[in-house]
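Please examine the sequence and the structure before reading each solution.

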Amino acid sequence: CLGPDGSYTCLAARALCGGAEIVPCHTFSQAVDMALSGEVDAVVMPIENTINGGVLQNLDLLAGNEGLAAVREYTLKIDHRLITLAGAERGKINRIFSHRQALEQCAAYLNANYPNAELVAENSTAASLSCIKLPTDAAIAGAQCAGEGYDVSPECISDEKNNYTHFLLVIKGEPSVDAHSSKVYFTLTCNHVPGALLKILSVIYAYSLNMTKIESRPIKDRVGEYRFFIEVEADYSAEKVQEALAAVRSAALSFRVLGAY
C-alpha cells in the first residue's frame with residue numbers, strides 16, 4: 001500500500017487484511033508492480049473519494065494491467081488535520097505539504113485561511129509530515145500520523161466533513177467464477193457511434209442489475225473516445241449474472257472484469 005506507515009491506505013490495509021504484513025510503498029505504481037511480480041500477495045488502492053470522485057491514477061492502473069482483480073472493498077472515513085511543529089504559530093504558516101487529493105479536499109479551508117501559502121504535493125499525506133522543517137511549515141494528514149513534537153488542529157479541515165474513500169483489495173489473477181460477491185466491477189470501451197453506450201446500459205437494465213457507479217476516462221491514444229468503468233450490485237457466481245456479463249461483453253468493443261467483492 002501507499003506509505004509510510006500511518007497513511008490512510010495503510011489504515012485501510014489493516015482493516016482489510018487483519019494481521020497481514022503491511023509493506024508501505026512510495027507510489028501506487030510500485031505497489032502494483034510488486035503484486036504483479038509476486039513480491040506481495042495483494043495491493044490496497046483507493047479507487048474513489050466522495051469529494052474528488054474517482055482516483056484517476058488507480059483507475060488507469062487497474063485498466064492497464066490485465067493480471068489484477070479486486071476481491072474485497074472497504075470504506076474509510078477521512079479526517080484531515082492541519083499538523084505543525086509543536087508550538088508553531090498557525091497564523092505564520094506559509095508552506096503546506098500533503099497529497100494532492102488532500103490539498104484538493106481542503107481547498108476551501110486553505111483558500112479562506114492560507115490564501116498565500118505555497119501548497120506542495122507529496123506522495124502521501126503521511127509522508128508530508130517529514131517535510132515539516134520550519135515553524136512556518138505545515139502538513140495535512142490524519143491525526144494518527146502525528147507523534148511527539150507536533151501540534152494537531154482540534155478539528156477536521158476537510159471542506160466536507162462526511163469525507164469517505166472507497167478502497168479495493170487487489171490481487172494478481174482473476175475473480176473465481178464461483179466467487180460469491182455483492183458487487184461486480186468492470187471496464188469497457190464501445191464503438192464510437194450513436195447509441196453505443198445506450199446499448200450496453202440497456203443490457204444491464206434488461207438483466208435487472210442495479211448500477212452503483214459509472215465513470216469515464218479518455219482513451220489516451222484515441223482522441224474523443226472514452227473507457228467506461230461500471231460497478232453493479234451482483235453475485236458474480238450466479239448464472240444469470242454470468243449471462244449478463246457475457247451479453248455486455250458482446251455489445252462492447254472491449255470488456256474486462258476488474259473485480260468481484
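**Exercise 1.** Determine which elements supply the lining of the largest cavity, and describe that lining.

*Solution.* Step 1: at least two lining residues each come from helix 1, strand 1, helix 4 (100–105) and strand 9; helices (H or I, at least four residues) and strands (E, at least two) are DSSP runs, numbered from the N terminus. The model is predicted, so that local features need pLDDT of at least 70 and side-chain atom pairs count only at pLDDT 80 or more, while totals for chains, interfaces and linings use all residues. Residues are numbered from 1 along each chain as its sequence is written, and side-chain values use heavy atoms, with hydrogens and water left out.

Step 1: helix 4 makes the largest contribution, three residues.

Step 2: the whole structure holds one cavity of 30 Å³ or more. On a 1 Å grid over the protein atoms alone, a cavity is a set of points where a 1.4 Å probe fits but cannot get out; a pocket is an open set with protein on both sides within 12 Å along at least five of seven lines; lining residues have an atom within 4 Å of a point.

Step 3: the largest cavity contains about 250 Å³ of space. Its lining comprises 18 residues, with Tyr8, Thr9, Pro46, His99 and Gln101 closest to the centre.

Step 4: by class, eight of these residues are nonpolar, 10 are polar and none is charged. Here Ala, Val, Leu, Ile, Met, Phe, Trp, Tyr, Cys and Pro count as nonpolar, Asp, Glu, Lys and Arg as charged, and the others, Gly among them, as polar.

**Exercise 2.** Characterise the lining of the largest pocket.

*Solution.* Step 1: of the 17 lining residues, Glu21, Ile22, Val23, Val40 and Ala42 lie nearest the pocket centre. Helix 1, helix 2 and strand 1 each give two or more residues to this lining.

Step 1: strand 1 provides the largest share, three residues.

Step 2: the lining divides into 14 nonpolar, no polar and three charged residues.

**Exercise 3.** Identify the buried residues of helix 1 and the elements against which they pack.

Key: Buried < 20%, exposed > 50% of the residue type's maximum accessible area, 1.4 Å probe, protein only. Contact = heavy atoms within 4.5 Å. Points joined across faces, edges and corners; volume = space filled by probe spheres on them.
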